[in-house]
Amino acid sequence: MRLLKLVPDNTNIGFVRIRVACFIVTALLTIAALGLTATRGLNLGVDFVGGLMIEAQFPEAPPLGKVRATIDGLGVGTSSLQQFGDPRTVSIRLPVEEGADQGATNAIVGKVSTALKQQYPGIRFTRTDTVSGKVSGELIRNGILAVVLAVLGIAVFSWLRYEWQFGVSTFVAIVHDVIMTLGFFALTQMEFDLNIVAAVLTIIGYSINDKMVIDDRIRENMRKFRQMDMKALIDLSVNETLPRTVMTSITIALALLSLLLFGGHVLRGFSAAMLLGVVVGTYSSIYVSSSLLITLGLEPQRFGNKPETARPDAERIGPKA
């Protein structure tokens, strides 16, 4: 039986050749993502803003103005409504006084559900969450701290394992992936909660795994071909690891796509973030991180202690089996 090969043997794509264009596109996308995050902001979930969140599924798409007027007329505070995914699904957010007990929260939920059931027979309430303001503040700090420490720790590890240029390129690539994820959620206004923080940390792990494979191959080739031009060496290394990169990305993307389509709205944000992370992480590993090593002045002549004679056909070698 003939094996399926998504990347043909002897593939020799000139990734480095378009690195300047990729750097420009990456910079523009990063600026756009930062601008969206700063201007539109993130649709923070109840995990981060505190209060009461009730998720309701209506028989048909409701008029949000009428729903808001009904809830605000109950005297339980000013409501914030948002449709997401299915237009029939509405997230209702209400403020909760600091120190309110479970009984007070249940009373608010009861008022809201009773009033909406009277106006919209067949409505279903699929989720209710309550977080105090103090807890939400701690979650924000811990979430930011977790992401920052993960990025810095991975960058330092790359620096110590390889050379400082690898550490810098790793840091730039991972920060790019995180910013792209934030920009996506600012653009779509999908709810950003603790599940998305977990997705961001997972994206960082996936991205560094993909990048380490390429960096290891670059280091191996730098030891082998110390007289080889750095541009050709990076192209050779990326092409050699390309079958593994493509196969891994596609299989993970298929699993995430199934989760996105059939996992329900609770997992929709997590699945979307992870799917975006696979695409962005693969792009940054190939076009951002690896090519940035050239800009940072990495040279094979300065790497390793045992030089080997450069093979004249090294630039034409295809991916290893």
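**View 1. Aspartate 216 is partly exposed, with a relative accessible area of 22%.** Partly exposed here covers the range between buried (under 20% relative accessible area) and exposed (over 50%), with a 1.4 Å probe and the protein chains only as cover. Please keep in mind that this is a predicted model, in which local features need pLDDT of at least 70 and side-chain atom pairs count only at pLDDT 80 or more, while totals for chains, interfaces and linings use all residues. Residues are numbered from 1 along each chain as its sequence is written, and side-chain values use heavy atoms, leaving out hydrogens and water. The partner of aspartate 216 is arginine 219: the two form a salt bridge whose closest N and O atoms are 3.5 Å apart. A salt bridge means a side-chain nitrogen of Lys or Arg within 4 Å of a carboxyl oxygen of Asp or Glu. Arginine 219 and aspartate 216 are about one helical turn apart because they sit three residues from each other in helix H7. Helices are DSSP runs of H or I with at least four residues, strands are E runs of at least two, and both are numbered from the N terminus.

**View 2. Lysine 211 and aspartate 215 pair within helix H7.** Their salt bridge brings the closest N and O atoms to 2.4 Å. Four residues separate the two, about one turn of the helix.

**View 3. Arginine 217 and glutamate 240 meet in a salt bridge between their side chains.** The N to O distance is 3.1 Å. This pair links distant parts of the chain, with arginine 217 in helix H7 and glutamate 240 in helix H8 (residues 230-262), 23 residues apart. Arginine 217 is buried at 18% relative accessible area, and glutamate 240 is buried at 6%. Salt bridges that share partners join Arg217, Glu220 and Glu240 into one network.

**View 4. Glutamine 189 has a positive phi in a residue other than glycine.** The angle is near 60 degrees. Where does glutamine 189 lie? Its place is the loop between H6 and strand S6 (191-192). With a relative accessible area of 18%, glutamine 189 is buried.

**View 5. Phenylalanine 185, in helix H6, has a relative accessible area of 0%.** That value is why phenylalanine 185 counts as buried. What does phenylalanine 185 touch? Leaving aside residues up to four places away in sequence, its contacts (heavy atoms within 4.5 Å) are Leu42, Met190, Glu191, Phe192, Ile196, Gly269 and Ala273.

**View 6. The largest pocket holds about 370 Å³ of space.** The lining consists of 17 residues, and Gly143, Ile144, Val147, Leu182 and Phe192 lie nearest the centre of the pocket. H5, H6 and helix H7 (194-224) each supply at least two lining residues. Which helix gives the most to this lining? H5 does, with seven residues. Points are joined across faces, edges and corners, and the volume is the space filled by probe spheres set on them.

**View 7. A nonpolar patch on the surface brings together Ile140, Ile144, Val148, Leu152, Val156, Trp159, Leu160, Trp164, Val168, Phe171 and Val172.** Together they have about 980 Å² of accessible area, computed by the Shrake-Rupley method with a 1.4 Å probe and, for residues, only the protein chains shown as cover. Helix H5 (133-161) and helix H6 (164-188) are the elements that give two or more residues to the patch. H5 gives the most, with seven. Leucine 152 is placed in helix H5, and its relative accessibility of 41% is why this residue counts as partly exposed. Patch members have over 30% relative accessible area and no salt bridge, and nonpolar side chains (Val, Leu, Ile, Met, Phe, Trp, Tyr) are joined within 5 Å.

**View 8. Zooming out, the protein chain has nine helices and six strands.** Of its 321 residues, 45% are buried. The chain exposes about 16,100 Å², with carbon and sulfur atoms supplying 62% of that area. Among contacts between residues at least 6 apart in sequence, 79% join residues at least 24 apart.

Key:
Patches are made of residues with over 30% relative accessible area and no salt bridge: like charges are joined within 9 Å, nonpolar side chains (Val, Leu, Ile, Met, Phe, Trp, Tyr) within 5 Å. On a 1 Å grid over the protein atoms alone, a cavity is a set of points where a 1.4 Å probe fits but cannot get out, and a pocket is an open set with protein on both sides within 12 Å along at least five of seven lines; lining residues have an atom within 4 Å of a point.
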